[in-house]
Each structure stands twice: as structure tokens, then as C-alpha cells.
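Open the model in your viewer and keep the sequence panel beside it. This tour goes from stop to stop: select, look, move on.

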Amino acid sequence: MTDKPSILWADDEIDLLKPHLLFLNDKGYDVTTVNNGDDALEKIKQQEFDIVLLDENMPGISGLETLVQLKNIKPHLPVIMITKSEEETIMEDAIGGKIADYLIKPVNPNQILLSLKKNLDNKRLISEKTNSKYQQEFRQISMTLGDKLNWQAWTDVYRKLVYWELELEKTQDSGMYEILTSQKEEANMMFSRFVENNYFNWIKNNETAPTLSHQLFKKKVFPLLDQSDEPVFFLLIDNLRYDQWKIIEPVISEYFRVLEEDTYCSILPTATQYARNAIFAGLLPVDIEKRFPKLWLNDEEEGGKNLHEKEFLADQLQRHRKPCTYTYTKVTNINAGRDMVENIHNMFQHKLNVIVYNFVDMLSHARTEMEVIRELADDEKGYRSITLSWIQNSPLMEAIKKIAERKCKLIITTDHGTIKVKQPVKIVGDKNTNTNLRYKNGKSLSYDKREVFEVKNPTDAGLPKTHLSTAYAFAKKDDFFAYPNNYNHYVTYYRNTFQHGGISPEEMIVPVITLLSKV
């Protein structure tokens, strides 16, 4: 293969196309010619080409027949079909054969050049355009970060950073991606400061507060129950970040129309037993403990911490006078997922159907524990890719398709996100201190106050106070807690893993999406 882009051109009138060949050669393309389909197939077996120009009407096997055989040999080799005919059936057959473009004779050289650039230079042109646009946006985001931002403004900044992360990922420009990473780190640091300065006021239900975990049903679910008679499905995918939602959105959008793409703020700790219990109880953890002293378990107590979500939900519905019939389904393994799919038709008999799906949470933990998953999800892109691959092949996708078969509303959300941790922060606690890497609570925590968000009085943060001297410490940015004992081993093992429980946009600014089935 030459340094020039290589073209195979198959046309029975190739001798009449010498001006076109000279034009393409001058433009830097290396063109090999044949005048029938059989020779074209032999050439692609013998030689590597970047693209094929294929005449539809040739003696012997036709262009369409050549296309079918060519795709069997080189399925990813792009083909531009050229024909004299404008018959719709020929166009449909060619498009069905996965052609890259379609040109009608007579074609001039510039038409061909444009099609070649669109297909061969597409990635380079998109990359250059994307980089240029991000450079302009970089300056705008940097200026915005210098302002005094409220929650909505922070949400907008985070969404922009996610958008550019996904766009720059496609360009494979490592230099520009590093600049974005640096800007994300700066934003993360400033977001942590923002949360520290405002969180206690949010818990007091300040007017400027975002929607918090315990307000999610009241603000997002109950209005839908009141608006119409059709069923409402509430799907909570544990640990689903906003960027992961953007990756799976095209798959979901085949079956549902997005009515509203919003975010809410996960409470601290951004951990399942706090955030998810708050969602279903409609109460802050401190109030759940008071109302359900026998059901709430604190960190140091033995037993499952998320075993009573159904009871909490029933109580919340009753408190808010929502006397609807409902179902609650929790999926923690593939068999439970299959059982859920089989039961979807029964769910339509109820006004509210809650499904909790635990895959992403299991993925983040598996990435820490399993070497194979660590390799597959080595970075943010890999982590997102596994999420997409999973949902496309999971029982959940089958359930979503079944839900979409009838008119209904679907809310997709999560309880918190995760962040890839990089920087260790030393902390000391007693034997009862919890094991989470992004938050600690206990009676005798020791740490550098400058490195954590310290909550000396848990009630101020809506959290239970197990002992008189109980305090909480939250990791910020991409930090994670490490004990001085066996420090180096601990840091090596957990650095670059995905964790949750602390303060970051990835953990706290999480999606809540309202959708309508397309039937």
C-alpha cells in the first residue's frame, strides 16, 4: 500500500475516464483500474485499497453482484457506486449493500473528489473541526469557571465538558484530550469548593437549592402520576453517570422519545445506602432513621443497608396521598433480569412500576476486583463502552423494548455516579470506621482538614449521628482515602479505580430523563 490513498476503479468504459484519472492523480490519489467485476474481486484479494469506485452496469457480473461478493471478502472496505440509472430499486439495493456513497453518471471529477474526501478524509476533517470548536469553547468555559456559579450554571458547565469529552474521544487527538482533562480537573476542584460553601444551606431547603435525592419523587414522579392515566415506569440504574446516559441515549431513543433531559443532585454521601434510601423514602437519612429506627442501619452496623426500599416507597406514597397501585422490582443478577422481562406485561396493570437495576454498580466494583474488567475498562472511554455493550445485550434492553410496546411514560435515573480516583489522601480511623474510599464516618477520624469536606455535626448535612462525637469526612475532586498502614500497596491497588461517596460533578450531577413511548 502506497503513502497515497489507494483507489480501485471498476468501469467497463475506463478508457474514456483518463481525464478523471489524471485529475485524481494530481490530487494525490493512487488509482488502479479494471473494466469488469471479476477483475475487481481478484484485485481486492491481491492488494489493499482504501476505497472502491464501482460502476453498476458492467458486462459479466453486475455492479450490484460485485458489491455483494466484495463485501463478503472485505466487509469494511468503502464502496462508491456509480450508475447511469436513477431507478429507485437499484438505489435501494445499493444502499442495502452498505455503500459509502452513490453517484449518477455523468460524473465530473470534482463530484468524485468530494465523495472521496467525505469518505477517506472524514475523520481528519471532523477532528480538525472539533479541535477548533473546542479551542473556542475552552476559553468560554474557563471564563465561566471564574464567575460565581449557581447550581444550574454548574450543571451547564458539566454538560459541556461531557459533550466535549465524547466529541474529542472520536478524534483520537491525545493532545487536545489532555487539555480537556486538565480543564475537567480545574472544574472539579472549583465544584468541590462550591458544594462545601452551599451544601448545608441546600439541606435546609434553601430556595437556591437543586433538586436533591429525597425530593426526586415529589418533583419528577408524582407530577407524572397526576397528569395522565397511562402507567409510569421508574427505572433506576445504579451508578449511572451523565456521560454514560449520553452513550446509551441513542439506543433508548429508538423506542422512546425524550420529553425532558434533566439532572438532579445526589446527596452526600454519594453512596447507595444513603442516596437510594433517600430517593424511595422521600426523606433525608437523619429523618429515615427517626421514622424507621428498626429498618435504618448505620455504617458500623451489620446487615444489608438497602433491604427496605419497597417499604420506604410505600410510606412515601401514603404520606403524599398517592393511593396508586405499584410494583417494585430489584434486579441484582441475570436470572432476576430475565424474570423481570417475563413480568413486564403484568406491570401495565399498575400506575407506577419501579425497577432498580444494579449492573453499573456491579461493573464499577468488578473493575476494582477483576483483572479482566480492569483491562477492558482501563479508562473513561472503556468504562462507557462496556456500559453501552452491556445495555445492548442485557435483559434490561429487552424490558425497555417491551415497555415501549404500549403507551406509557418512562423515567430513567440513578442514585449517584462514580469518579475515577487518582490522588490518595491519608486518613486515620478506629476499627468501626466504614470502608468506603470516598467518605468516612466515625468517632475519632484524623485527617488534614484542608484535604476533605468536614462535617462535624452530621445533622447539618441531614445525616444520622451514631455517637455524640460522630463526624463525616468527604473526599473531593478525584481523591481517595488511604490508611497509613500498608499505604503504598493500598494506593497502588485502588488508584485509577471508579469509586463513589464523595464530592465531584461525576458523582453528584446525575441524570433524570423523562421519556414517552413512540407507539
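Select R321. At 72% relative accessibility, R321 counts as exposed, where exposed means over 50% relative accessible area, buried under 20%, and partly exposed in between, with a 1.4 Å probe and protein chains only. R321 sits in the loop between α13 (309-319) and β8. Helices (H or I, at least four residues) and strands (E, at least two) are DSSP runs, numbered from the N terminus. Check the backbone of R321: phi is near 55 degrees, a positive value in a residue other than glycine. Most residues other than glycine have a negative phi, and most peptide bonds are trans.

A note on the source: this is a predicted model, in which local features need pLDDT of at least 70, side-chain atom pairs count only at pLDDT 80 or more, and totals for chains, interfaces and linings use all residues. Residues are numbered from 1 along each chain as its sequence is written, and side-chain values use heavy atoms, with hydrogens and water left out.

Go to K477 for another positive phi. Here phi is near 50 degrees, again in a residue other than glycine. K477 is in the loop between β16 (471-475) and β17 (479-482). K477 counts as partly exposed because its relative accessibility is 29%.

Now look at two prolines. The peptide bond from K105 to P106 is cis, with omega near -5 degrees. P106 belongs to the loop between β5 (101-104) and α5 (109-120). The peptide bond from L268 to P269 is also cis, with omega near -10 degrees. Find P269 in the loop between β7 (256-265) and α11 (272-281).

Select residues 334-347, helix α14. Why does the distance between its end C-alpha atoms agree with its length? At 1.5 Å a residue, the 14 residues should span 20 Å, and the end C-alpha atoms are 19 Å apart; the expected span is 1.5 Å times one less than the number of residues. Stop at V341, where α14 bends by about 35 degrees. That bend is the angle between axes fitted to the seven residues ending there and the seven starting there.

At the start of α14, show the side chain of N333. One of its oxygens reaches to within 3.1 Å of the backbone nitrogen of N335.

Which residues of α14 are buried? Colour G337, M340, V341, I344 and M347. Their cover includes β6 (232-237), β8 (326-331), β9 (352-357) and α18 (395-403).

Next, show α10 (residues 242-252) with α17 (residues 380-392). The two helices pack at an angle of about 30 degrees, with their axes 9 Å apart. Axes are lines fitted to C-alpha atoms, for helices over the stretch in contact, and angles run from 0 to 180 degrees between N-to-C directions. In α10, D243, Q244, I247, I248, V251 and I252 meet Y383, R384, T387, L388, I391 and Q392 of α17; contact means heavy atoms within 4.5 Å.

Select G63 in helix α3 (residues 63-73). G63 counts as buried, at 0% relative accessibility. Beyond its neighbours within four places in sequence, G63 is in contact with L54, D55, E56, M58 and M81.

Finally, zoom out. The chain has 20 helices and 19 strands. Its C-alpha trace spans about 90 × 55 × 40 Å along its principal axes. Of its 519 residues, 54% count as buried.

Terms used. A polar contact is a pair of N or O atoms within 3.5 Å; within protein, one must be able to donate a hydrogen and the other to accept it, and residues adjacent in sequence count only if both atoms are side-chain atoms.
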